[in-house]
Amino acid sequence: MNEQAENVLNYQSNKYRTPDGAPADIVIFTITAEGKESTKKSLPVRELQVLLIQRKQWPFAGQWALPGGFSKETETIHESARRELTEETGVADVHIEYFNVYSTPERDPRGWIISHAFLALVHEKLLEKRQAADDAADVRLFPIGEALAMDLAFDHSLILRDALAQIQRKMLTTTIAREFLPEEFTISELYQVIQSVVPTFEERNFIRKITSTQSRKGIIEEVLDLQGEGKVSNRYSQRAAQLYRFTDYEPQLSIYS
């Protein structure tokens with residue numbers, strides 16, 4: 001018997017305490033858009049919202065919580081998160097990323113359970129047909145301010161606050177705004193999406209900086225029509241505005257300020 005086989009044979013896993021579960025909890029963000037009641041064309045009212053599920057079973061039955069579930073032995077924690085996302089929303093091909101682990105003792109009354117937290121960015125149109133999974137009594141979108149004020153199950157209020165800080169930072173340092181925009185958009189729409197996530201963001205020279213500052217140049221480009229002319233839209237304004245789209249360029253510095 002070689003040394004490797006001998007080590008495997010002599011190893012006793014019962015000497016070590018292992019967690020009672022490793023769930024993947026997912027903070028699913030979206031930005032809703034609601035048209036204004038006005039005779040004049042204007043941008044819709046956009047609001048950052050988060051998807052919550054109402055628990056049906058113990059523990060915390062009846063309370064709202066982040067969607068998620070236990071990972072399986074046959075999958076990685078990332079595969080578990082994507083599976084849970086699909087089960088909870090019915091969507092799969094969206095931006096999802098890992099951002100933290102939560103292991104405070106007694107965070108879960110079911111035992112020693114370490115949660116791995118992910119955040120997902122989902123366009124509101126993909127959530128229109130959402131429905132509660134078998135282990136949930138209800139599923140609903142909540143404005144971020146309302147959700148932060150709620151008494152969420154487990155330590156999900158902490159996870160939500162951490163996820164919000166993460167998405168706010170990335171909104172100002174990456175191109176994740178594209179997840180909430182149509183492929184072709186106006187500068188005003190882009191600016192509004194950023195402010196929906198980071199309400200304190202203000203930039204008077206936004207158009208100039210996003211289109212001409214050297215560290216940001218190439219992030220977006222003008223959309224051209226079949227004749228090679230700038231494609232415009234007056235969907236939200238009386239005066240036609242130039243349409244833009246994101247390129248594949250990813251800047252290394254802050255792109256919006």
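**View 1. The aromatic cluster of Y191, F201 and F206.** In this predicted model, the rings of Y191, F201 and F206 come together as one aromatic cluster. Across the structure, the count of aromatic pairs comes to seven, and two of these pairs are taken up in the views that follow.

**View 2. The edge-to-face pair of Y98 and F118.** The rings of Y98 and F118 form an edge-to-face aromatic pair, with 5.2 Å from centre to centre and 80° between the planes. This pair links distant parts of the chain, since Y98 lies in strand β5 (residues 95-102) and F118 in strand β6 (residues 115-121), 20 residues apart. Y98 is partly exposed, its relative accessible area being 32%, whereas F118, with a relative accessible area of 2%, is buried.

**View 3. The tilted pair of F185 and F246.** F185 and F246 form a tilted aromatic pair, for which the centres are 5.2 Å apart and the planes make an angle of 40°. F185 belongs to the loop between α4 and α5 (187-197) and F246 to strand β11 (residues 244-246), so that the pair links distant parts of the chain, 61 residues apart. F185 is buried at a relative accessible area of 0%, and F246 counts as buried because its relative accessibility of 11% falls under the 20% cut-off.

**View 4. Helix α4 and its buried residues.** Helix α4 (residues 156-173) has 18 residues and should therefore span 26 Å at 1.5 Å a residue, which agrees with the 25 Å between its end C-alpha atoms. The buried residues of α4 include H156, I159, L160, A163, L164, I167, K170 and M171. In an α-helix, residues three or four places apart point the same way, because there are 3.6 residues a turn.

Conventions: Residues numbered from 1 in each chain as written. Predicted model: local features only at pLDDT ≥ 70, side-chain atom pairs only at ≥ 80, totals over all residues. Heavy atoms only, no water. Helix = DSSP H or I, 4+ residues; strand = E, 2+ residues; numbered from the N terminus. Expected span 1.5 Å × (residues − 1). Buried < 20%, exposed > 50% of the residue type's maximum accessible area, 1.4 Å probe, protein only. Phe/Tyr/Trp six-rings, centres within 6.5 Å; stacked < 30°, edge-to-face > 60°.
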